[in-house]
Amino acid sequence: MKKFIFSAAACIAFVCLIQTQGHAQFLKKLKDKVAQKIADAAGVPANTTNSTTANSQPGTGINNSSNNGGPANTMGGGLKNTPPPDVNQNINDAEKATGTADYNGARYALQQAMTGLEIELGRQLIQSLPATVDGLNKDTAKNLVQSTQYGWSNLIIQTAYSDGKNKQLKMTIGNNPVYAGIVNMYFNNAAMVQSSGDNNQKMKQVRVKGNQALIQFDANTGYQVLMQLGQSSMITWDCVNFPTEDEVMTTVNTFDIDGIKKTMGEQ
Amino acid sequence: MKKILTLMLVISITAAVNAQDFKTDIASARTNYAAGKLSDAHFNIEQAMQELDLIVGKEVLKILPAKMDTLNVNTTDDHVMSNSGFLGANIHRSYGNMMAYRTGGKMAEISIVTNSPLISSLNAFLNTPLLGSMMNTDKSKSIKVQGYKGRLENSTNTTGQTDYTIEVPLSNTLITFKITNSTDTEILNLVNTVPLQQIAKLLQ
């Protein structure tokens, strides 16, 4: 009997607790709806009227997650896309600064000149690439030239070709002795390029216009060809939705490797 | 005095040579850029940056003390090395007699490395209270030199004497001052003769 009374009391307490929670949630939803209606009537976005509620109600569709309870930013056009540094101007500035023993100014101007040069070189290179390969058109929206100022150590030039659907070839030319060395590591390590003998080869050595390269396949990302370019550069081609290895190799062989080498100052 | 004058003369001549190379590289960069040879112009600018590091290094050597207490500078051991692109300038000067050091004598040296890979761990030691307190022992402690935080370490050398090292990070530059067969009072007095603020200004 005692056990029954205790169990009943526990059940009643549990139901009350659920009801209290449900009641609180219902009130909160009601409060949010009222706030939303008032905001709509006033023509003000709801997330600016009650940010505390928005923060405490994830999943309500109110986007206020980035400002820690403060007002959400709704204005501003972002940063201006400034042109690359003027190479001639910065060379002149570096010379002048050195003449007045302003070495910090000189170093800064030289770094700027280098950035300007790398960006100009990258753009030239992208422009020199064919407009179409294997029926895929160059997607200019995916062009990218990135320079880190530190002396030819991390220049990235990237472009992509696409059929507008799901077939894509992304070409990346990078100048970084560290990455380039990694490809060499593959060439010099037989264990990394030989088949395991189970007819499931994932990587092998190939040649692209006489240059040593590697081709690998991954079911999720497709084919990838990596080629060392001269002493410190590397080209990668990421081929998504290419049906065969032969088609990949034919496509990458259409690029003017010697021209790219010449532009990059490689031998 | 004669030695100091000779040292100043040698530094001035080498600085002038570097300045000349810098001008040549800048002129070549300009010519190659105008001719559309971008990769060649790039190489010239890279060379110019290395020359600049050398010029700055020579300027730093000029302002380093020519004497550390009774220890005279070893002019032949002065060197500046430039690795533009990864590590920057590497400047080195030593004082005292290396042979005397081997027989328990005294020797001091200063090395200044820009973009040193050791900076981050040293800064962690100096600026993380927990880490700093754990590593503060009778062999290592945090100090302040001319307002800059630094670390003082000591170790016993093969001849049984105590060697001291002070490391001071200046932004991305690490200054290391070492002296053999010394005391912490002496090394602190000597390191205060090194014009840290001027060095930081030149290397920033």
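The legends below describe close-up views of a predicted model.

**View 1. The open sheet of chain A.**
Eight strands make up an open sheet in chain A, in the order E1-E2-E3-E4-E8-E7-E6-E5, and their pairing is antiparallel. Strand E1 (132–133) and strand E5 (203–208) of chain A stand at the edges; each has a single partner strand, so one side of each is left without a neighbour in the sheet. Strands of a sheet pair through backbone hydrogen bonds, either parallel or antiparallel.

**View 2. Pairing of strands E2 and E3 in chain A.**
Strand E2 (residues 136–146) and strand E3 (residues 155–162) of chain A run antiparallel and are joined by 6 bridges. Within this pairing, Asp139(A) has Ala160(A), in E3(A), as its bridge partner.

**View 3. The hairpin of strands E5 and E6 in chain A.**
E5(A) and E6(A) are antiparallel and pair over 6 bridges. Val206(A) has its bridge partner, Ala213(A), in E6(A). The hairpin has 2 residues between the strands, and in it Lys209(A) takes a positive phi near 50 degrees.

**View 4. The hairpin of strands E6 and E7 in chain A.**
A hairpin with 3 residues between its strands is formed by E6(A) and E7(A). The two strands, E6(A) and E7(A), pair in the antiparallel sense over 6 bridges. Asp218(A) stands opposite Gly222(A), which belongs to E7(A).

**View 5. Two helices and the sheet of chain A.**
Helix H8 (residues 245–252) of chain A packs on the sheet, where the strands it touches include E1, strand E4 (168–175) and strand E8 (233–240) of chain A. The direction of H8(A) makes about 35 degrees with that of E5(A). Helix H9 (residues 257–264) of chain A lies across E3, E4, E5, E6, E7 and E8 of chain A and runs at about 50 degrees to E7(A).

**View 6. Helix H2 of chain B.**
Helix H2 (residues 38–63) of chain B has 26 residues, which at 1.5 Å a residue should span 38 Å; its end C-alpha atoms are 38 Å apart, in agreement with this expectation. Of the 26 residues of H2(B), 20 are buried, so this helix is largely enclosed by the rest of the structure.

**View 7. Confidence along chain B.**
The average pLDDT of chain B is 83, and 85% of the residues score at least 70. Within chain B, confidence is lowest in helix H1 (residues 2–34), with a mean of 69, and highest in helix H6 (residues 184–191), at 93. Over residues 7–13 of chain B the pLDDT is below 50, and this stretch has 8 contacts in the model beyond near neighbours in sequence.

Terms used:
Residues are numbered from 1 along each chain as its sequence is written. Chains are lettered from A and ligands numbered from 1 in the order in which they are written. This is a predicted model: local features need pLDDT of at least 70, side-chain atom pairs count only at pLDDT 80 or more; totals for chains, interfaces and linings use all residues. Side-chain values use heavy atoms; hydrogens and water are left out. Helices (H or I, at least four residues) and strands (E, at least two) are DSSP runs, numbered from the N terminus. The expected span of a helix is 1.5 Å times one less than its number of residues. Buried means under 20% relative accessible area, exposed over 50%, partly exposed in between (1.4 Å probe, protein chains only). pLDDT is the predictor's confidence in each residue, from 0 to 100. Contact means heavy atoms within 4.5 Å. Two strands pair if DSSP finds at least two bridges between them. Axes are lines fitted to C-alpha atoms, for helices over the stretch in contact, and angles run from 0 to 180 degrees between N-to-C directions.
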